[in-house]
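Please open the structure in a viewer and keep the selection tool at hand.

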Amino acid sequence: MNTLIFRTVAPLLTAVMLVFSVFVLLRGHNEPGGGFIGGLIAASALAIYGMAMGAEAARHALRVHPIAVAGFGLALAGLAGMLSLAFDLPFMTGLWAMFEIDRVEVAISTPMVFDIGVYLVVFGTIAAVALALEADEGAG
Amino acid sequence: MDHVVAALAGLFVFAGLYLLLSRALIRMLLGLTLLGNGVNLVILSAGRLGRIVPPIAPGDAKVPLAGAANPLPQALILTAIVIGFAMFAFLLVLAYRAYQSLEADDTDRMRLAEPPDRPQPPMSY
Amino acid sequence: MEARPDIAVALVVLLPFVAAALFPLVHRLVGDVAGWVAALVPLAGFAALWPLVGSVSDGVPVRVAWPWAPSWGLELSFLVDGLSLTFALTIAGVGALVLLYSGAYLKGHRQGLFLGFLLAFMGAMQGLVLADNLVALYLFWELTSVASFLLIGFDHTRQAARRAAIQALVVTGIGGLCLLAAGVTIRAVTGSWDLSAAGSLAGEAYPLLVGLVLAAAFTKSAQVPFHFWLPNAMEAPTPVSAYLHSATMVQGGVYLVARMTPHLGGEPIWNTTLMAFGGATLLWGAVMALRQTDLKQMLAQTTLASLGLLMLLLGAGTELAITGAVLYFLAHALYKAGLFLVVGAIDHGTGTRDITALGGLRDHMTVTFIGTIMASAAMLGLPPLLGFFAKEEMYAALALGQVQPLVALAALVLGNALLGAIGLAVLIKPFMGEVLPTPIRPHEAPMAMLAGPLVLGALGIVAGLMPAQLGELLAAPATSAVLGDAVDTHLKLGVDLMGWPFWLSVATWGLAAAAYLRLDAGRALLRRLDGKLGWSFDRGFDAVYFGLVRLAGRVTRLLHHGRLELYLLVVFAMLAVAAIGPLWAMGGLPAWPRTADLRFYEWGVVALAVAGIVTVVLARSRLFAILALGVQGLAVALLYLLVGAPDLGFTQFMVETLSVVILALVMTRLDLDAADGRPFEDWARDGGVALLGGIAVTGLLWAVLDRPLDLRLSDFFNAHAAPVAHGRNVVNVILVDFRGLDTLGEISVVMTAGIAILALIRSARRRPTVADPKPAAQRRRKATA
């Protein structure tokens, strides 16, 4: 699988897919997309990178272990839900903050943070599994 | 259209069950995937099918267009797909590990937990 | 000071349980005097109950109740009337002496536990006789069974003790279930859980209730044919036999019959059944006692006889008979407990309980001898002991009657005579004659072990000398409670030399002496008969018990055969039946759909899915199957897009891609046979069940589609997604906002699965593959251990 062409294209492809996955994640609230699909795309991106350059290289590129990314995402999602408790609202009540930057409305909200958490969990978990399987193959 | 998708779901379930009943681990995994797709289609068609129009409110409207698909089954299925995938991956690795340890992919030969020569119940006080 | 009945009842019923829980600790603190400390608990109960005697003997029962489960109309109620008071005082009194005795009988570190069990049993027994509420009655009834199980099996390293304990638990447990059923039935008939609120229970449920109550009473009181557990229960330490299996627990059945007499009594079916079973048990026990040489076994068989005698008297049901039963209960509790304690002292002092190996102990164990004289005299029913009055009373009750009472009378005389013979044997054989060599040099038991027999014997004499007071305070109130209307005492000190009962007593004594003289010959005869019979109820129990174990083993093997595909087959078949069965049975099967308004590209997607499925099932090579799996997944993704679910379509597409990738990653390393190796009959069977499942799903769905859809939830989400949750993609808003908690749970599951997968892969990497599965399994077990 690690042909020269594949190895040359793979990092580029990975970068494009990662950016696309974030785009899909962020537009998810209003258009098709969201954390699940975004996370899957990102995980596929990393899997492609791993296939081309080896699992070790992919893990090194990520700096942290993918399952740690998933754990962080889960904590983020949980905290996004708990933020409403500080305002004396029930668990997971959505909070919205609207900003206007140069006449473009920008919304920061707990559901969005939650969706980012979902994204990170899906990405981290599936990337971890894929990389582990790839590394296992190399060893075996 | 609902009825056709319902029939397709039945076909998925049939194929999934049939493969799950084979004793080969890898066929059982394939069957599980088919069964999962079948169940997703069951949920989808039970909530009635729309055509093309997604449950998304267009730019200036506050609610989705009339005739848009039912959002509720979609939300259920979306989680089901991801969970199903996680379970599929887990079972795949589990099957692989079981194969490595037991040198068998036939469930009839994987009898560690319930060996064929189990001891009789005690016949004394 | 005014008597507070609620405090008294709490002290009597609850204090033993509290003490039982604390006793192992208390034992560690007080050490050797633990028996004396434990005896304080029943003494406190006795002292608390005594002030109630006055009120109860005036004919005013005391009822106390605490709320228990108010929403079910259930309260924890207790009733102190003549009957329950007589039993409760006996339990407390005998209990104090037995606990004291146990302190000396059983030394060592397990003593605390033993005394704790005894205390718990005592609380349960007090609760049983005092309870007014049927649920409480059942609860305490079962608690006595459980406590008895623990006490019989106390020496649990011996198989005989374990067997006896299980036997007692099973037999009395069956009775307990009958009592529960009886209680529920009474609740259904009367509308109240309280027994005191139930009047006569004559009606449709009467035969059922009689059967259930008598089954409970007969198992607890060891009536023929449930008698076998009681002699076996002699495996228990001797104080337990003295307390539970003579004076208290086995009297629970007698108590129940007496308690139910006002509600169920008076009908011929009730009286005849009781008299028949009681008489049979009386004679069986009395005859079987002759056969034994173990002193404890002799006493156990006579206990059977005495229980039968009490049942017979309750069955006779006249005022005299009931008074006789009450007196006999008291006399029996005093002398039988005394005799058991004496036997324990003999065992303790000589090292044996075999009557043929004992002799001439009167000089070595004088105090024990005195205790035995008093108890045996009561067993013979000599005046002026309480036993004498009990015997006179029961003879008087039956002397002037028709055929049935006369038969009963004959059984009573014969039974009493044989019991008397055993009394003589227990008195004379070990203590008179020459001194025989024993395992231990005979020596007297310590004071704590002698107090019981002496006090009990003395009480028998005192009660015999004061029959009028006893009658007024206990016997008449108890009789009134059983008969349901007030009765005056007629007991007085003195012997009516002209009356029938006295001459029947004389005949009894004569028969007893004759039986005693022929004891050895009788024993030899009975042993020969028993050897020829070759069957006993005891062995029958074993057959039933192990038959059940074998049946359970077979059922387990049948259901847990260890073959995965058969488990799955059953599950799938049941699912299919559950899905389509009710529709079929209730006529809700859907009609065949008329139109299928699909556009050509939709047909194309469906065809692609069908082709994918068929290829997955039929593929002969693994790679082909995996690719086909991808095709059907792609078709499903397209279908999602076509029905207006782009999120689903994209997600499905990504998932299918990743599935194929990781499947390929793993499968390349597996050397698996992709061909389906099922024989034809398995193939047909599996295919049939799978087809049934598919048809069931489609049929159910079609039936659902024929009915209107409730869209309230979807409408709510549609209407509020954009205005309230600021999101136009309703599906995404549901996931991250409306039902965010579900999603949180879901991503936790995904992450857990990921961690599990990583752990599995790492465990594989750490250990090389092994060819032989056995050592791998053993290693794994060791690793987990």
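A residue is counted as buried if 20 or more other C-beta atoms lie within 10 Å of its own, and as exposed if 12 or fewer do. The model on display is a predicted one.

**First stop: chain C as a whole**

Select chain C. Of its 785 residues, 51% count as buried. Its secondary structure consists of 31 helices and 2 strands. Chain C has a radius of gyration of 37 Å, well over the 28 Å that the globule rule gives for 785 residues, so the chain is more spread out than a compact globule. Along the principal axes, the C-alpha atoms of chain C fill a box of roughly 115 × 60 × 55 Å. Consider next the contacts within chain C between residues at least 6 apart in sequence: 78% of these join residues at least 24 apart.

**Second stop: a pair of helices in chain C**

Now select helix 10 (residues 238–247) and helix 13 (residues 295–316) of chain C. Their axes come within 11 Å and cross at roughly 10°. Angles under 35 degrees count as roughly parallel, and helix 10 of chain C and helix 13 of chain C are therefore roughly parallel to each other. Which residues make the contact? Helix 10 of chain C supplies T238(C), S241(C), H245(C) and S246(C), while helix 13 of chain C supplies K296(C), A300(C) and T303(C). By class, this contact has 1 nonpolar, 5 polar and 1 charged residues.

Is M574(C) buried or exposed? M574(C) has 11 other C-beta atoms within 10 Å and is therefore exposed.

Display chains B and C together. The contact takes 101 residues from chain C and 86 residues from chain B. On the side of chain C that touches chain B, helix 27 (residues 680–705) of chain C provides the largest share, 14 residues. The residues of that side divide into 66 nonpolar, 19 polar and 16 charged.

**Last stop: where chain A meets chain B**

Finally, show chains A and B. Here 6 residues of chain A are in contact with 6 residues of chain B. Helix 5 (residues 110–139) of chain A contributes the largest share of the side of chain A that touches chain B, 3 residues. By class, that side of chain A comprises 4 nonpolar, 1 polar and 1 charged residues.

Definitions and conventions: Residues numbered from 1 in each chain as written. Chains lettered and ligands numbered in written order. Predicted model: local features only at pLDDT ≥ 70, side-chain atom pairs only at ≥ 80, totals over all residues. Contact = placed C-beta atoms within 7 Å. Helix = DSSP H or I, 4+ residues; strand = E, 2+ residues; numbered from the N terminus. Nonpolar A, V, L, I, M, F, W, Y, C, P; charged D, E, K, R; others polar. Axes fitted to C-alpha atoms, helices over the stretch in contact; angles between N-to-C directions. Parallel < 35°, antiparallel > 145°, perpendicular 65-115°, else oblique. Rg over C-alpha atoms; globule rule 2.2 N^0.38 Å.
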